[in-house]
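Here is a friendly briefing to read alongside the structure. Take a moment to look the model over, and then we can go through it topic by topic.

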Amino acid sequence: PSIVSAPGQEDWVEQALLAELRAAAPQGVNDRVTLIAQDGLHLVGGLHGATSYGWLLIKTLWVDPAHRGCGLGRRLVEQAFAEARQRGCHSAWLDTSNPAAARFYQGLGFEPFGRLANTLTQSPSGHCRWFLRRALP
């Protein structure tokens, strides 16, 4: 088989793997979680994640800068928790390389469980990615 670059085929790869995993091991409801926040007709925030093996993975959370600090991010995360609980999840996890985001999630009860960090000689110098988890309320 030949190997080629295939931008746009991420969903195919993920779905092929998930189908194989579902056949091999019970994992509860394994599906995407996508939430959006609207202000009138304008999208001002959103959360994208997935559930599997009793865990909610928060892949992406974004809130428009004009709407930050008003509890919208917290509300999106809490709604994702509610959907995950309905699917039988017991916990949530995520990773971030943004120090402010890491503090935000820790304020929501997430605790660090891992860290990847570049040394000062690696590019980008000093970059860090935090891995955080928490039990669902």
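How many aromatic pairs does a search of the whole structure find? The search finds four. Please keep in mind that this is a predicted model. The points below start with the aromatic rings, go on to the pockets, and end with some individual residues.

**Aromatic rings**

- A pair of aromatic rings is described by the distance of the centres and the angle of the planes.
- For Tyr-105 and Phe-110, the ring centres are 5.5 Å apart and the planes stand at 75°, so this pair is edge-to-face.
- Tyr-105 and Phe-110 are both buried.
- One aromatic cluster is formed by Phe-81, Phe-104, Tyr-105 and Phe-110.

**The largest pocket**

- The volume of the largest pocket is about 570 Å³.
- It is lined by 23 residues, and those closest to its centre are Leu-61, Val-63, Ala-101, Phe-104 and Tyr-105.
- Two or more lining residues come from each of strand E3 (55-63), helix H2 (72-86), strand E4 (91-96) and helix H3 (99-107).
- Strand E3 gives the most to this lining, with six residues.
- By residue class, the lining of the largest pocket has eleven nonpolar, eight polar and four charged residues.
- Phe-104 and Tyr-105 link this topic to the previous one, as they are among the residues closest to the centre of the largest pocket and also belong to the aromatic cluster.

**The second largest pocket**

- The second largest pocket has a volume of about 190 Å³.
- Its lining has 14 residues, with Leu-18, Ala-50, Thr-51, Ser-52 and Leu-57 closest to the centre.
- Helix H1 (10-24), strand E2 (42-52) and strand E3 are the elements that give two or more residues to this lining.
- Helix H1 provides the largest share, four residues.
- The lining of the second largest pocket divides into eight nonpolar, four polar and two charged residues.

**Thr-51 in strand E2**

- Thr-51, one of the residues closest to the centre of the second largest pocket, is located in strand E2.
- Is Thr-51 buried or exposed? Its relative accessible area is 1%, which means that Thr-51 is buried.
- The side chain of Thr-51 forms a polar contact of 3.2 Å with the side chain of Arg-87.
- Apart from neighbours within four places in sequence, Thr-51 touches Val-29, Asn-30, Asp-31, Val-33, Leu-56, Ala-84, Arg-87 and Cys-89.

**Lys-59 in strand E3**

- Lys-59 belongs to strand E3.
- The side chains of Lys-59 and Glu-14 make a polar contact at 3.0 Å.
- With neighbours within four places in sequence left aside, the contacts of Lys-59 are Glu-14, His-48, Gly-49 and Ala-50.
- Lys-59 and Val-33 are 26 residues apart along the chain, and their C-alpha atoms are separated by 9.5 Å.

**Backbone details in two loops**

- Tyr-53 sits in the loop between E2 and E3.
- Phi of Tyr-53 is near 50°, a positive value in a residue other than glycine.
- Tyr-53 counts as partly exposed because its relative accessibility is 38%.
- Pro-124 lies in the loop between strand E5 (111-117) and strand E6 (128-135).
- The peptide bond from Ser-123 to Pro-124 is cis, with omega near -5°.

Technical notes:
Residues numbered from 1 in each chain as written. Predicted model: local features only at pLDDT ≥ 70, side-chain atom pairs only at ≥ 80, totals over all residues. Heavy atoms only, no water. 1 Å grid on protein atoms, 1.4 Å probe; cavity = no way out; pocket = protein on both sides within 12 Å on 5 of 7 lines; lining within 4 Å. Points joined across faces, edges and corners; volume = space filled by probe spheres on them. Nonpolar A, V, L, I, M, F, W, Y, C, P; charged D, E, K, R; others polar. Contact = heavy atoms within 4.5 Å. Polar contact = N/O pair within 3.5 Å; in protein donor to acceptor, adjacent residues only side chain to side chain. Buried < 20%, exposed > 50% of the residue type's maximum accessible area, 1.4 Å probe, protein only. Phe/Tyr/Trp six-rings, centres within 6.5 Å; stacked < 30°, edge-to-face > 60°.
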